[in-house]
Amino acid sequence: MSKKSNRKAHSKAHSQTRARQSGNPQATSAQIQAPQAPEIPMQPSPSSEISASLPQTPKKRSKKAAAEIADAAPYKAKPFYLAVSFLLPFIIFAVVFVFIGIYPFGTRQIMISDFREQYLPFLSDLWRKLREGNSMLWSWSTGGGSDYLGMISYYLASPLNLIIALFPFDALREVLTVIVLTKIGIAGLSCGFFLSKTFKRSDFSVPVFSLCYAMCGFSMGYYWNIMWLDTFAILPLVVLGVFSLVTEGKFILYVITLALSVFMNFYIGLFTCIFVVVTFFGLCVTNKLTKKDILSKLILIAVCSAIAIGLTALLTVPAYSSLQSTYSSKDVFPSKISFYNRIDKLLGNLIAFTPPGYMNDSAPNIFSGMLTVMLAALYLKSPKYPLREKLVLGGTLLFLFFSINTNVLYYIWNGFHFTNMIPFRFSFLISFMLMLMAYKAYLALERLNKYDMFFMAITSLFLLIMAASGPQEEVYVISSIILCGLYFVMFYLFMYEKRTFTKKIFKGVIAVIMIAEFGITCYIGVDTLGTRDRRTYPERAPQYASVLQLLPPDNPDFYRTESDYWFNKNESSLYGFNGISIFSSTAYESMTGFMQGIGLLRRSGGNRYGYAETSPLANAMLNIRYLVSKNGNPADDGVFWRQAGEADGALLMENKYYLPLGYMVNNEMEFYVPEGENPFVTQNDLFRRLTGLEGDLFTWFDIIHVNHKGYKVNRRELGQYRYEIEEDTTEGRLRWNYETPVNGMLYAYCKVDNSETVRIIFDGNTERSLDSTRPLIFAAGNFAEGDIVSIETPLKADDKSGNVTVYMAYINEELFKRGYEILADETMKLTKFSDTNIVGEVTALTDGLLYTSVPAEKNWTAYVDGAETEIILIDGCMAALPLKAGTHKIEFKYFNMAFAAGLAVSAVSLLSFVALIAADKKRRRNSG
């Protein structure tokens, strides 16, 4: 062998030795194939390459070389950086809350949108259940009664929610604010752990880049959606679990994190499951697995996924069963492909300082930091990473962009369902991919050159042009241009001024800029979404607390209470009484239809229905005994209601014609179906079927004249109109005037296109004002014969034309009293009542139906005199039992079969998981 060859061989051996000492995972081909290969198929870190290129002599090294060698030392996890990964987003968000004036640093609170109308009320209800030990299977507090496991699975499954029971109710809002901050901090922690473990890094870049995920557009726009944050927070751990399973065959982390992801919120967990599939096959491609290896890994991940999802079955199985009864289960597959946003509106949301959106007309919240998208683009150009890997990561990102902007893919991602408001709920997956690609590019910055700078400049310019032509305001575009300029200055100094502008200084300055960027964007986000005055929400809380003290105990008797008009759509959950109103994705579609049929308000989306002071017939059918008049001005004060108490300006009204949970009705009630545009027709039909009495309970009457302003109104028939705007009208009104034909209560129904308010005008004064977007039969007031009463609705210049349905009717009070006496003569007297068990006795004078206001959700079973009896559904909703004349013992039992099945599946899955762990340990011992 020549001396030259000798020197080459010696140099090669020496380089391999140095590489082994520096922890270079690509030192030799033997090392790559060895069991000790890195668990993630990543390229070597820049620090490893630096060490391999350093002089191989034992001479004294420069400070720079020594620093590089130290930087190239073998990976060792440092809890400090993981702690910073948690604290950084937690503190930034907390500081922003302080500047915004969130209590106790001001008078504001983050109870906005659904946090105010759903999450806080439901968590208030959970607080009472945890404190009082009530059933977690069924709840009577909201919607007239509902499956509580469905509520838990959709809204309340976060383990952190258990903390609320440790604090007084008055502190609940502040506790939930801290929980929100904690979940965002956990997102940073899990992302930090992912980066640290995946890339074998333990430095300040870990918590800084964790910000790109923890404080991405999703968390900025949806931080108030407290129920989604858990699954979002642990996504990086699930992905790390997939990496460990594919590269090392380790599955424990994957099973536990996937199970938690689905358990804490099965809806967002669905996105995680889909992303797991994409990640798995992407890893198979990047690792160049053989068909045999792919098959074995596929079997392993399929088994582990089945176990993980099986562990959640005690909650997800009953949740799935419950959601089949909701309106959203009726969505159909789109017939043609369409796109939601133009390319500029979509990509324009990637620039810095992007205000988040949460309404249907907003673009996806995909902000991840300006540097993140610049580096993610640089990653695709970097020669350091193989083309196969870049195609996988880039292709995944492109697929996610198409998914979030294409109706067919969006429908599939959302579990074959279109979302109601709050769109683009899996946007955090895009942010995760951008963060991952950006961090890989960051690790390759040692190779940064002027061509890379040019490529990043072109990418930045393209995004800024998209933002300028798309949705972003000029101030945000200009601010992003300045931010890009700062980053480019740092890159230039890093490239050409390495002696004075060291790597350490570069990293520190970049970290400061990124933290400032996320802090400012967070402030913009919180300010854009808004806050609420803590002193005015919950509305009239002191009144409710005082008035509800006046209610008698309801055990063994059971009754419902409502308010004369809702301010919060889940007031009964918020304040703690058994009510009718509900706004929830788990609301029963059949119950929604029933409520509309008897004249109550409902939303066309089917996920809410509500009570307002309405007809005495509806009150009797819904077991409503008390009414809280928050303004102390009920429409009916003495006819069908009487005052039972007063506190803090609010009145407690008692129903003079209250009917209990169950009473005998005619057999004709079985065939009741609401029909027609006029709801008073349905009221009359209901009354005849219930009592057997002939005659009309309600009589509607015609207008005497109108007093419209700014609009031309054409009458089609009694109660049916069409309006069109007149020229030069900026705003106007529609007004119909009626002359009261008899002394007594008047009831109205008003449905007006484009209008949000309907008013009752008497003697020049507004007697009451209601929301006309969700029409219902409402009590207009007690008037004397000859009184002129008006129905008025305001309109604006934008309201060019529309349709109107408006009726005014009076009630036959004597006929109602006769019917009430018939129904009150055969009532069911309760002897036992709990959340899941109702026992009572009834004496039927003749053969007929025992009507109850028990929502006959499929898990209720009825018994008559100890024998199981088929439940007849009134309008597909309320439970009724056929009875022969005589005295009978009645019992309703609630038993959730889906929960029992799910519990069994979870138990089997747990045993399977334990067995799989034991088998894996045995295999590893046997293999040495």
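Two strands count as paired if DSSP finds at least two bridges between them. Helices (H or I, at least four residues) and strands (E, at least two) are DSSP runs, numbered from the N terminus. This is a predicted model, in which local features need pLDDT of at least 70 and side-chain atom pairs count only at pLDDT 80 or more, while totals for chains, interfaces and linings use all residues. Residues are numbered from 1 along each chain as its sequence is written, and side-chain values use heavy atoms, with hydrogens and water left out.

- Strand β9 (residues 624–629) and strand β11 (residues 650–655) run antiparallel and are joined by four bridges.
- In this pair, Val628 stands opposite Leu652 of β11.
- Both strands belong to an open sheet of four strands with mixed pairing, in the order β5-β9-β11-β10.
- Its edge strands, each pairing on one side only, are β5 (560–563) and β10 (641–647).
- From one strand to the next, the twist averages 25°; axes are lines fitted to C-alpha atoms, for helices over the stretch in contact, and angles run from 0 to 180 degrees between N-to-C directions.
- Helix α24 (residues 541–548) packs on this sheet and touches β5, β9, β10 and β11, where contact means heavy atoms within 4.5 Å.
- The direction of α24 makes about 40° with that of β11.

**Five-stranded sheet**

- Five strands make an open sheet with antiparallel pairing, ordered β24-β25-β31-β27-β28.
- At its edges are β24 (829–833) and β28 (867–869), each of which pairs on one side only.
- The twist from one strand to the next averages 25°.
- Eight bridges hold the antiparallel pairing of β25 (residues 837–844) with β31 (residues 886–894).
- Val842 stands opposite His888 in β31.

**Nonpolar cores**

- A nonpolar core is a set of buried Ala, Val, Leu, Ile, Met, Phe, Trp, Tyr and Cys residues joined through side-chain atoms within 4.5 Å.
- Buried means under 20% relative accessible area, exposed over 50%, and partly exposed in between, with a 1.4 Å probe and protein chains only.
- The largest nonpolar core has 177 residues, and Tyr223, Leu375 and Phe491 have the most contacts inside it.
- Helix α20 (residues 428–442) supplies the largest share of this core, 13 residues.
- Leaving aside neighbours within four places in sequence, Leu375 is in contact with Phe209, Met437, Ala438, Ala441, Tyr442, Leu445, Met456 and Phe491.
- A second, separate core of 80 residues includes Leu617, Leu661, Tyr672 and Leu690.

**Thr459**

- Thr459 is placed in helix α21 (residues 450–469).
- With a relative accessible area of 17%, Thr459 is buried.
- Not counting residues up to four places away in sequence, Thr459 touches Val373 and Ala377.

**Helix α5**

- The 22 residues of α5 should span 32 Å at 1.5 Å a residue, and its end C-alpha atoms are 32 Å apart, which agrees; the expected span is 1.5 Å times one less than the number of residues.
- At Leu87, α5 bends by about 25°, and a proline, Pro89, follows within four residues; the bend is the angle between axes fitted to the seven residues ending at a residue and the seven starting there.
- The buried residues of α5 are Tyr81, Leu82, Val84, Ser85, Leu88, Pro89, Ile92, Phe93, Val96, Phe97 and Ile100.
- Among the elements covering these buried residues are β1, α8 (172–199), α9 (205–214), α10 (217–222) and α23 (503–529).

**Backbone exceptions**

- Most residues other than glycine have a negative phi, and most peptide bonds are trans.
- Tyr103 and Pro104 are joined by a cis peptide bond with omega of about 10°, and Pro104 lies in the loop between α5 (79–100) and β1 (108–109).
- The bond from Tyr537 to Pro538 is also cis, with omega near 0°; Pro538 is in the loop between β4 (532–533) and α24.
- Phe416, a residue other than glycine, has a positive phi near 55°.
- Phe416 lies in the loop between α19 (407–413) and α20 and is partly exposed, with a relative accessible area of 49%.
- Asp648 has a positive phi near 50° and lies in the loop between β10 and β11.
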